[in-house]
Amino acid sequence: MLALCSFLLAGCAPFRAYTGPKAPRSDVAIIEVNHPVDQVMSGSEETVYLRKVNGFITAKDRVAVLPGPCEIEVGYRSGDDDERRAISQRNVRIEFKAEAGVAYAVYARRLWSKGHWYAVVWGSGREIARSENGVIVIKGPPQKAPSHP
C-alpha cells in the first residue's frame, strides 16, 4: 500500500523547467494548465497545452519554474476527438514574472465571432498576463447544410 501511495504522489510531481538540484516547493512557482476542478466548474471543453516553458519543451500539465522572468508557449484545442473541433494554427507566447511559492493557472479563451483565441495566466487571484490572439483552424467532418422541405 505504501508503495502504491508513493507511486501516485510521484506521478503528481511537476516537470522541472530549470537546471540544477531540485528546489523546495516554497522556492519555485508552479504553472498548471487544464486543472480538472476549473474545467468542471466552467463546463469548458477548451483546453490549453503547454508546449515550451523557459526554453524547455514539455507536454506536461504541471511545471515548476524558478522565480524571475518566465516565458511559456501554449497551444489550444476545443471539442473532443470524435467530433468537429477547433485547434490553434500555431502556439502563442506569454511572458510574465514568476514569484516563488505562487501557483499560476493558464486558461484558454475563445473569441467565437472572430475565429481567434488567447491564453490567460492567473496567479494570486488576478490576471497576470495575456497572450496575443491566436488563429483557430476547424478540423473534423464538415457541417451538413440544413435541409429545407
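Of the 149 residues in the protein, 34% are buried. The model is a predicted one, and its fold comprises two helices and 12 strands. Read from the N terminus, these elements follow the order α-β-β-α-β-β-β-β-β-β-β-β-β-β. Among contacts between residues at least 6 apart in sequence, 60% link residues at least 24 apart.

We can now turn to the interior. In soluble globular proteins, nonpolar side chains tend to be buried together. Here the largest nonpolar core holds 27 residues, and I72 and F96 touch the most other members. At least two residues of this core come from each of β2 (29–33), β3 (46–53), β5 (62–65), β6 (68–78), β8 (92–98), β9 (103–111) and β10 (116–123). A second, separate core has five residues, among them Y18, A23, V28 and I30. Beyond its neighbours within four places in sequence, F96 is in contact with I31, G68, P69, C70, I72, Y104, V121, I128 and A129.

A charged residue also deserves a look. E73 lies in strand β6 and is buried, yet has no salt bridge. The nearest side chain of opposite charge belongs to K52, 4.2 Å away, whereas a salt bridge requires a side-chain nitrogen of Lys or Arg within 4 Å of a carboxyl oxygen of Asp or Glu. Residues up to four places away in sequence aside, E73 touches Y49, L50, R51 and K52, together with N91, V92 and R93.

Notes
Residues numbered from 1 in each chain as written. Predicted model: local features only at pLDDT ≥ 70, side-chain atom pairs only at ≥ 80, totals over all residues. Heavy atoms only, no water. Helix = DSSP H or I, 4+ residues; strand = E, 2+ residues; numbered from the N terminus. Buried < 20%, exposed > 50% of the residue type's maximum accessible area, 1.4 Å probe, protein only. Contact = heavy atoms within 4.5 Å. Core = buried A, V, L, I, M, F, W, Y, C linked by side-chain atoms within 4.5 Å. Lys, Arg positive; Asp, Glu negative; His and termini not counted.
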